[in-house]
Amino acid sequence: MTLAAPSPTMATTTLTTLIAGRRRTGLLAVVGLTLACLLLTIVAVGQGAISIAPGRVAEILMARLSGDTNLLEGRDVLVVLNIRLPRVLLGLLVGAGLAVSGALMQGLFRNPLADPGLVGVSSGAGLAAAATIVLGDRFLAGTMMKLPFAALPVGAFCGGLITTLALYLIATRGGRTSVATMLLAGVALGAMAGALTGLLSFISDDRQLRDLTFWSLGSLGGASWTKLSVVAPIILPLLLLMPLLARGLNGLMLGEAEAYHLGIPVQRIKALAILLVALAVGASVAAAGMVGFVGIVVPHLIRLSVGPDHRLLLPLSALGGAMLLVGADIVARLIVVPAELPIGIVTATIGAPFFLWLLLRRTSLIDA
Amino acid sequence: MSGSRPIDAHRGLRQWNRRELSLALVSSALGLAGLALPAALAGRALAQTPDRIVVAGGVITEVIYALGLQDRIVGIDSTSQFPPEALKDKANIGYVRALSAEGVLSLKPSLVMLIDGAGPPDAVSLLSESGAKITRIPDGLTPDGVVAKIAAIGAAIGATAPAERLAAQTRARFDELATLRAGIARKKRVLFLLSLQNGRALVGGRNSSADGIIALAGGINVADAIEGYKPMTDEAIAAAAPEMVLMMRNSSAHNITPEELFAMPAFARIPAAGEKRLVHMDGLYLLGFGPRTPMAARDLMAAIYPEAAIPPLKTAAAP
């Protein structure tokens, strides 16, 4: 193994070392982010407008787990168990769902600007929510309003799914979905939904207009176990099935035809990814309103740090998204106590400068 | 006792981690919280004291201040702009339709008073689950509505007698206002201009609070073909022929002068332009629909009909 030795061995060794290095960094990142996420969760459950001593929070949670109802008395119990805990869990779920959706879309469309909105979920859900806010009082009065689940989240979810389905049908010919067509048709449908939402805001009264504004900025307020139990089964499939998509998306990075020749079931990957994303984003929007920024920026942050391998990118995006949203929610809840800030304002305020800093630091990696 | 808990939690973490993430998060949260975070305040159950009112709805705040019971208020929403000291003295719980359940609860309210439309419903249901006493107050934009509102607020805070007095007084003022209104021979046409951004007029149409106060003041709302607060085209303004333009006075920004307004093409040819009839009034006074509304309507009436020398309400002098 001196200079005379054949170079292929050297190259292979170097490549293996590189891959091993990447993998080690990745593993470290997974462990690190998991710990950080846990820590943030603990802080989030411990902090709020009402000061409850950490010991008491632990006591309440412990009593709940062990079924010891004697300790479950008082308002602080309700605050921890029925206000904070579902809220933090919803934040973890929605944040993870949005970030993974963003990563999937960027991989699928091979476009760094892709975000979950591209498959039409956000615009469709936004339109449906606006319609529920503005027209709900007129057409849904009475029985609909007494349903266990408010009309708005259900409407938003259905609106998102219908739009995605329409987009998928438009872009699919002969069993093959064209991502380019989907991208462009998504822009068109988005503009249409935007126009209709504008029309709705024109005919809305002052209160409805305020509701629309607040809704479009997103909030984890109003999280409850019921809400969580409805949203979780819709978002979790995306998080559980994402390992199935990782290899396919890695192949797709080479191009669609190349991926196909590698034996990757391109069409099935596309359909599954779009379905999972539509479900997860629809449920997120329904539960938390429009929380922008998480879906597009978290995957980029992760990609800039550990590279584009989807096997790492997807789980790390989930952790990163969950952390960004739960962290932003802590700020949203505490900064104007006893009021709270819409979370969309906070995610962008926290995330954007950080993202810019990362871009400035590592520009050379973007085009690599 | 407290030493054993974190250990239990970690043992639990290993088991649950495989099955269910949420349970793991919960158990490790309590384990690490017990270990790592410094003990801060004692987490006692929130004490129930009778005099801690949280108000969501500006008119409720105004009435409670008018009753002199403001010491009982601990928190108000951001629409509680009158009296001005309210938002300085009390905690601000945010916008009336975007309340935070934990934020409100952090004020340890013994009573939460919500005006019609306060929300969101999720936050309100969390509040009622917490055992906080909640009272909803109807928000009427008519004399009957205002009187009912005052009585309902008084009943909710256990000040029925003084509130009934204020309600009766307000009723008497509205009655006197009605007499004044009956004396108007020819009703004049009024346009309420909410804003004039970029020369685009946003006017108060049918079923708006501006519409309500113009009617009480004995005027005709020329924008009643429009529902709520909406933009109105220049030509429609010209065609509506208002004899007076009413705006809200803005204390922090420039108020448009009659010269500026009536130089604009839409306003140049309307009857109001002749004598440059532009009136600015305090927005909260004008559109609050609380105990001050009869006086506000009287003042507006005097502004619409300067030639009629509308007298001040005799009943307004009463304490």
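**Exercise 1.** Find which residues of α8(A) meet which residues of α12(A).

*Solution.* Start with the contacts: A:Leu239, A:Met242, A:Ala246, A:Leu249 and A:Asn250 in α8(A) meet A:His310, A:Arg311, A:Leu314 and A:Ala318 in α12(A). Contact here means C-beta atoms, placed from the backbone, within 7 Å. Next, sort by class: 6 nonpolar, 2 polar and 1 charged residues.

A word on the ground rules: this is a predicted model, where local features need pLDDT of at least 70 and side-chain atom pairs count only at pLDDT 80 or more, while totals for chains, interfaces and linings use all residues. Residues are numbered from 1 along each chain as its sequence is written, and chains are lettered from A in the order in which they are written.

**Exercise 2.** Describe how α8(A) and α12(A) cross.

*Solution.* First, locate α8 (residues 225-252) and α12 (residues 310-334) of chain A; helices are DSSP runs (H or I, at least four residues). Then take the axes, lines fitted to C-alpha atoms over the stretch in contact, with angles from 0 to 180 degrees between N-to-C directions. They come within 8 Å and cross at roughly 145 degrees.

**Exercise 3.** Pick out residues that touch the most other members of the largest nonpolar core.

*Solution.* The core has 199 residues, and A:Val100, A:Val277 and B:Ile213 are among those touching the most other members. A nonpolar core joins buried Ala, Val, Leu, Ile, Met, Phe, Trp, Tyr and Cys through C-beta atoms within 7 Å; buried means 20 or more other C-beta atoms within 10 Å. Helix α3 (residues 75-109) of chain A gives the most, 21 residues. Now zoom in: B:Ile213 touches residues including B:Leu286 and B:Leu300, not counting residues up to four places away in sequence.

Methods: Helices (H or I, at least four residues) and strands (E, at least two) are DSSP runs, numbered from the N terminus. Two residues are in contact if their C-beta atoms, placed from the backbone, lie within 7 Å. Ala, Val, Leu, Ile, Met, Phe, Trp, Tyr, Cys and Pro count as nonpolar, Asp, Glu, Lys and Arg as charged, and the others, Gly among them, as polar. A residue is buried if 20 or more other C-beta atoms lie within 10 Å of its own, exposed if 12 or fewer, and partly exposed in between; C-beta atoms are placed from the backbone.
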